[in-house]
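These are my notebook entries on a single structure.

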Amino acid sequence: MTANEVPPAVVSTTGLARTFTTAAGPVEAVRGIDLTVRRGEILGFLGPNGAGKTTTLRMLTTLLAPTGGTATVASCDLLTDPTGVRRKIGYVAQSGGVDPHVPVREELVTQGRLYRLTRAQATARAEELAHELDLTGFLDRDCSALSGGQRRRLDIAMGLTHRPEVLFLDEPTTGLDPGGRSDLWDLVRRLRDTYGTTVVLTTHYLDEADALSDRLVIIDKGRVAADDTPRALKARHAGSPDASLQDTFLAITGRAAPAPKDNTPAAV
(Lines give C-alpha, C1' and ligand atoms only; values in the text may rest on other atoms or scores of the structure.)
Protein backbone atom coordinates (compact mmCIF):
# COMPACT_ATOMS: atom_id res chain seq x y z
CA MET A 1 0.00 0.00 0.00
CA THR A 2 1.39 3.42 -0.96
CA ALA A 3 1.38 6.43 1.36
CA ASN A 4 -1.60 7.92 -0.45
CA GLU A 5 -3.78 4.82 -0.42
CA VAL A 6 -6.64 4.69 2.06
CA PRO A 7 -6.58 1.46 4.12
CA PRO A 8 -9.63 -0.76 3.59
CA ALA A 9 -12.52 -0.66 6.04
CA VAL A 10 -12.60 -3.54 8.53
CA VAL A 11 -15.71 -2.33 10.37
CA SER A 12 -18.57 -0.74 8.49
CA THR A 13 -22.10 -0.05 9.69
CA THR A 14 -25.13 1.58 8.11
CA GLY A 15 -28.10 2.54 10.24
CA LEU A 16 -27.10 0.12 13.01
CA ALA A 17 -29.82 0.26 15.65
CA ARG A 18 -31.01 -1.43 18.80
CA THR A 19 -34.40 -0.96 20.47
CA PHE A 20 -35.15 -2.62 23.80
CA THR A 21 -38.67 -3.61 24.77
CA THR A 22 -39.53 -2.66 28.35
CA ALA A 23 -42.67 -2.60 30.46
CA ALA A 24 -42.80 1.15 29.94
CA GLY A 25 -42.50 0.79 26.16
CA PRO A 26 -39.71 0.65 23.56
CA VAL A 27 -36.34 2.25 24.37
CA GLU A 28 -34.15 3.26 21.42
CA ALA A 29 -30.66 2.75 22.80
CA VAL A 30 -28.93 3.06 19.41
CA ARG A 31 -30.81 5.00 16.74
CA GLY A 32 -28.88 4.42 13.53
CA ILE A 33 -25.08 4.41 13.65
CA ASP A 34 -23.10 4.91 10.44
CA LEU A 35 -19.49 4.03 11.17
CA THR A 36 -16.33 3.08 9.29
CA VAL A 37 -13.13 1.86 10.94
CA ARG A 38 -10.10 1.28 8.71
CA ARG A 39 -7.39 -1.35 8.95
CA GLY A 40 -4.67 -0.45 11.44
CA GLU A 41 -6.66 2.41 12.95
CA ILE A 42 -7.11 3.09 16.66
CA LEU A 43 -10.63 4.44 17.02
CA GLY A 44 -11.74 6.11 20.24
CA PHE A 45 -15.48 5.59 20.79
CA LEU A 46 -16.81 8.13 23.29
CA GLY A 47 -20.11 9.36 24.65
CA PRO A 48 -21.96 10.42 27.79
CA ASN A 49 -23.47 7.82 30.08
CA GLY A 50 -26.45 6.27 28.31
CA ALA A 51 -25.27 7.35 24.85
CA GLY A 52 -25.20 3.79 23.49
CA LYS A 53 -21.45 3.04 23.47
CA THR A 54 -21.50 -0.35 25.10
CA THR A 55 -24.72 -1.35 23.33
CA THR A 56 -23.00 -0.61 20.01
CA LEU A 57 -19.90 -2.52 21.06
CA ARG A 58 -21.99 -5.49 22.15
CA MET A 59 -23.68 -5.55 18.74
CA LEU A 60 -20.40 -5.35 16.84
CA THR A 61 -19.00 -8.24 18.90
CA THR A 62 -22.14 -10.40 18.32
CA LEU A 63 -23.20 -10.35 21.98
CA LEU A 64 -26.39 -8.46 21.16
CA ALA A 65 -28.48 -8.71 18.00
CA PRO A 66 -29.25 -5.45 16.17
CA THR A 67 -32.89 -4.56 15.58
CA GLY A 68 -32.06 -2.48 12.53
CA GLY A 69 -29.34 -1.64 10.04
CA THR A 70 -26.46 -3.60 8.59
CA ALA A 71 -22.81 -4.13 9.47
CA THR A 72 -19.71 -5.98 8.35
CA VAL A 73 -16.80 -6.76 10.68
CA ALA A 74 -13.56 -8.18 9.28
CA SER A 75 -15.32 -8.94 5.96
CA CYS A 76 -18.08 -10.94 7.71
CA ASP A 77 -21.72 -9.91 7.75
CA LEU A 78 -22.79 -9.26 11.33
CA LEU A 79 -26.35 -10.55 10.80
CA THR A 80 -25.76 -13.59 8.58
CA ASP A 81 -22.28 -14.69 9.71
CA PRO A 82 -21.82 -13.92 13.42
CA THR A 83 -19.60 -17.00 13.81
CA GLY A 84 -17.26 -15.61 11.16
CA VAL A 85 -17.13 -12.30 13.04
CA ARG A 86 -16.25 -14.04 16.31
CA ARG A 87 -13.39 -15.92 14.65
CA LYS A 88 -11.78 -12.67 13.53
CA ILE A 89 -12.23 -10.35 16.51
CA GLY A 90 -10.98 -10.07 20.06
CA TYR A 91 -13.10 -8.54 22.80
CA VAL A 92 -11.92 -7.36 26.22
CA ALA A 93 -14.89 -6.44 28.39
CA GLN A 94 -14.90 -3.91 31.20
CA SER A 95 -14.89 -6.51 33.95
CA GLY A 96 -12.56 -9.07 32.35
CA GLY A 97 -13.30 -12.76 32.24
CA VAL A 98 -10.48 -14.87 33.70
CA ASP A 99 -11.00 -17.64 36.25
CA PRO A 100 -9.25 -16.55 39.48
CA HIS A 101 -8.74 -20.15 40.60
CA VAL A 102 -6.55 -21.42 37.75
CA PRO A 103 -2.96 -20.62 36.76
CA VAL A 104 -2.30 -18.03 34.07
CA ARG A 105 -0.77 -20.64 31.75
CA GLU A 106 -3.84 -22.88 31.99
CA GLU A 107 -6.15 -19.97 31.27
CA LEU A 108 -4.21 -19.03 28.14
CA VAL A 109 -3.91 -22.60 26.89
CA THR A 110 -7.63 -23.20 27.43
CA GLN A 111 -8.41 -20.06 25.43
CA GLY A 112 -6.23 -21.33 22.61
CA ARG A 113 -7.96 -24.71 22.63
CA LEU A 114 -11.34 -22.96 22.41
CA TYR A 115 -10.08 -21.40 19.19
CA ARG A 116 -9.24 -24.92 17.92
CA LEU A 117 -5.48 -24.73 18.31
CA THR A 118 -3.81 -28.03 19.08
CA ARG A 119 -2.49 -28.35 22.64
CA ALA A 120 1.06 -27.83 21.36
CA GLN A 121 0.01 -24.74 19.40
CA ALA A 122 -1.99 -23.37 22.34
CA THR A 123 0.95 -23.90 24.71
CA ALA A 124 3.35 -22.16 22.32
CA ARG A 125 0.91 -19.29 21.84
CA ALA A 126 0.53 -18.91 25.62
CA GLU A 127 4.31 -18.57 25.97
CA GLU A 128 4.43 -16.08 23.11
CA LEU A 129 1.64 -13.91 24.56
CA ALA A 130 3.16 -14.03 28.02
CA HIS A 131 6.44 -12.74 26.57
CA GLU A 132 4.74 -9.99 24.58
CA LEU A 133 2.65 -8.80 27.53
CA ASP A 134 5.32 -9.19 30.23
CA LEU A 135 3.55 -12.08 31.96
CA THR A 136 6.23 -14.77 31.65
CA GLY A 137 7.09 -14.65 35.34
CA PHE A 138 3.46 -15.17 36.30
CA LEU A 139 2.51 -18.14 34.11
CA ASP A 140 2.37 -20.56 37.02
CA ARG A 141 0.55 -18.23 39.42
CA ASP A 142 -3.19 -18.40 39.97
CA CYS A 143 -4.97 -15.51 38.26
CA SER A 144 -6.20 -14.34 41.69
CA ALA A 145 -2.58 -13.56 42.67
CA LEU A 146 -2.11 -11.02 39.87
CA SER A 147 -2.20 -7.26 40.39
CA GLY A 148 -4.82 -5.16 38.62
CA GLY A 149 -2.42 -4.25 35.82
CA GLN A 150 -1.29 -7.84 35.40
CA ARG A 151 -4.90 -9.08 35.25
CA ARG A 152 -5.70 -6.48 32.61
CA ARG A 153 -2.73 -7.59 30.52
CA LEU A 154 -3.97 -11.17 30.87
CA ASP A 155 -7.45 -10.08 29.73
CA ILE A 156 -5.88 -8.57 26.63
CA ALA A 157 -3.73 -11.66 26.05
CA MET A 158 -6.91 -13.75 26.09
CA GLY A 159 -8.40 -11.46 23.46
CA LEU A 160 -5.27 -11.79 21.28
CA THR A 161 -4.96 -15.60 21.41
CA HIS A 162 -6.16 -16.11 17.83
CA ARG A 163 -4.43 -13.01 16.37
CA PRO A 164 -7.65 -11.10 15.67
CA GLU A 165 -7.95 -8.56 12.89
CA VAL A 166 -9.98 -6.26 15.16
CA LEU A 167 -9.60 -5.83 18.92
CA PHE A 168 -12.46 -4.27 20.88
CA LEU A 169 -11.44 -2.80 24.25
CA ASP A 170 -14.20 -1.66 26.60
CA GLU A 171 -12.78 0.65 29.31
CA PRO A 172 -9.46 -1.25 29.33
CA THR A 173 -7.65 0.85 31.96
CA THR A 174 -10.42 1.38 34.51
CA GLY A 175 -9.01 0.83 37.98
CA LEU A 176 -5.34 0.89 36.92
CA ASP A 177 -2.71 3.19 38.42
CA PRO A 178 -0.95 5.73 36.14
CA GLY A 179 1.95 3.35 35.47
CA GLY A 180 -0.41 0.54 34.49
CA ARG A 181 -2.36 2.86 32.21
CA SER A 182 0.84 4.02 30.50
CA ASP A 183 1.96 0.41 29.95
CA LEU A 184 -1.37 -0.46 28.33
CA TRP A 185 -1.19 2.61 26.09
CA ASP A 186 2.21 1.38 24.87
CA LEU A 187 0.76 -2.08 24.29
CA VAL A 188 -2.12 -0.77 22.19
CA ARG A 189 0.25 1.28 20.06
CA ARG A 190 2.54 -1.73 19.62
CA LEU A 191 -0.36 -3.92 18.47
CA ARG A 192 -1.21 -1.35 15.82
CA ASP A 193 2.35 -0.57 14.73
CA THR A 194 3.78 -4.11 14.79
CA TYR A 195 0.84 -6.28 13.77
CA GLY A 196 -1.51 -3.85 12.02
CA THR A 197 -4.26 -4.67 14.51
CA THR A 198 -7.32 -2.46 14.31
CA VAL A 199 -8.40 -1.30 17.78
CA VAL A 200 -11.79 0.07 18.82
CA LEU A 201 -11.55 1.61 22.27
CA THR A 202 -14.16 2.96 24.65
CA THR A 203 -12.96 4.96 27.63
CA HIS A 204 -14.08 7.60 30.12
CA TYR A 205 -10.49 8.89 30.38
CA LEU A 206 -10.38 11.69 27.82
CA ASP A 207 -6.59 12.04 28.09
CA GLU A 208 -6.41 8.38 27.10
CA ALA A 209 -8.67 8.89 24.09
CA ASP A 210 -6.67 11.96 23.06
CA ALA A 211 -3.30 10.24 23.40
CA LEU A 212 -4.19 6.94 21.73
CA SER A 213 -6.80 7.57 19.08
CA ASP A 214 -6.12 8.20 15.41
CA ARG A 215 -9.77 9.19 15.17
CA LEU A 216 -12.62 9.85 17.60
CA VAL A 217 -16.30 9.06 17.20
CA ILE A 218 -18.52 10.71 19.77
CA ILE A 219 -22.06 9.41 20.05
CA ASP A 220 -24.93 10.99 21.93
CA LYS A 221 -28.50 9.79 22.35
CA GLY A 222 -27.82 6.77 20.17
CA ARG A 223 -26.46 8.69 17.17
CA VAL A 224 -23.05 9.83 15.92
CA ALA A 225 -22.56 13.43 17.03
CA ALA A 226 -18.98 13.93 15.77
CA ASP A 227 -16.35 11.99 13.84
CA ASP A 228 -12.81 13.21 13.11
CA THR A 229 -9.25 13.31 14.41
CA PRO A 230 -8.80 14.68 17.95
CA ARG A 231 -7.08 17.83 16.70
CA ALA A 232 -9.73 18.50 14.07
CA LEU A 233 -12.58 18.05 16.57
CA LYS A 234 -10.90 20.37 19.07
CA ALA A 235 -10.30 23.02 16.41
CA ARG A 236 -13.85 22.81 15.08
CA HIS A 237 -15.79 22.62 18.33
CA ALA A 238 -13.54 24.24 20.95
CA GLY A 239 -11.79 26.85 18.81
CA SER A 240 -8.24 25.49 18.86
CA PRO A 241 -6.45 22.23 18.07
CA ASP A 242 -4.73 22.65 21.42
CA ALA A 243 -8.00 22.95 23.38
CA SER A 244 -8.87 20.29 25.94
CA LEU A 245 -10.87 17.29 24.84
CA GLN A 246 -13.13 17.85 27.85
CA ASP A 247 -14.13 21.30 26.49
CA THR A 248 -14.61 19.74 23.04
CA PHE A 249 -16.78 16.95 24.44
CA LEU A 250 -18.89 19.53 26.31
CA ALA A 251 -19.33 21.63 23.17
CA ILE A 252 -20.44 18.59 21.14
CA THR A 253 -22.78 16.94 23.63
CA GLY A 254 -23.74 19.79 25.97
CA ARG A 255 -22.49 17.61 28.86
CA ALA A 256 -19.14 17.02 30.51
CA ALA A 257 -17.60 13.62 30.02
CA PRO A 258 -18.55 11.15 32.75
CA ALA A 259 -15.95 10.60 35.43
CA PRO A 260 -14.20 7.23 35.31
CA LYS A 261 -15.39 4.71 37.88
CA ASP A 262 -12.27 3.04 39.16
CA ASN A 263 -13.89 0.13 40.97
CA THR A 264 -17.21 -0.76 39.36
CA PRO A 265 -17.42 0.52 35.79
CA ALA A 266 -20.99 0.73 34.57
CA ALA A 267 -22.11 -0.50 31.17
CA VAL A 268 -23.61 2.12 28.89
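Entry 1: The model I am reading is predicted. For its largest pocket I noted a volume of about 350 Å³. I then listed the lining, which comprises 18 residues. Nearest the centre of this pocket lie Gly90, Tyr91, Val92, Gln111 and Tyr115. Two elements, β6 (89–92) and α5 (148–160), each give two or more residues to the lining. Strand β6 contributes the most, namely four residues. By class, I recorded eight nonpolar, eight polar and two charged residues in the lining.

**Entry 2: rings and charges.** I searched for aromatic pairs and found zero. I next looked for charges over rings. Arginine 18 lies over the face of phenylalanine 20, at 4.6 Å from the ring centre. In a second case, the charged end of arginine 181 is placed over the ring of tyrosine 205, at 3.9 Å from its centre.

**Entry 3: cysteines.** How many disulfides does the structure hold? I found zero. I also checked the accessibility of two cysteines. Cysteine 76 has a relative accessible area of 7% and is therefore buried, since the cut-off is under 20%. Cysteine 143, with a relative accessible area of 1%, is buried as well.

**Entry 4: positive phi angles.** I kept in mind that most residues other than glycine have a negative phi. Threonine 62 has a positive phi, near 70°. This threonine 62 belongs to the loop between α1 (53–60) and β4 (68–73). Is threonine 62 buried or exposed? Its relative accessibility is 18%, so threonine 62 counts as buried. Arginine 163 is not a glycine either, yet its phi is positive, at about 55°. I located arginine 163 in the loop between α5 and β7 (166–170). Arginine 163 counts as exposed because its relative accessibility of 54% is over the 50% cut-off.

**Entry 5: glutamate 106.** I placed glutamate 106 in helix α3, which covers residues 104–114. With 42% relative accessibility, glutamate 106 counts as partly exposed, because this value lies between the 20% and 50% cut-offs. I also looked up its separation from proline 66, which is 40 residues away along the chain. The C-alpha atoms of glutamate 106 and proline 66 are 35 Å apart.

Note on methods: Residues numbered from 1 in each chain as written. Predicted model: local features only at pLDDT ≥ 70, side-chain atom pairs only at ≥ 80, totals over all residues. Heavy atoms only, no water. Phe/Tyr/Trp six-rings, centres within 6.5 Å; stacked < 30°, edge-to-face > 60°. Lys NZ or Arg CZ within 6 Å of the ring centre and 35° of its normal. 1 Å grid on protein atoms, 1.4 Å probe; cavity = no way out; pocket = protein on both sides within 12 Å on 5 of 7 lines; lining within 4 Å. Points joined across faces, edges and corners; volume = space filled by probe spheres on them. Nonpolar A, V, L, I, M, F, W, Y, C, P; charged D, E, K, R; others polar. Disulfide = S-S within 2.5 Å. Buried < 20%, exposed > 50% of the residue type's maximum accessible area, 1.4 Å probe, protein only.
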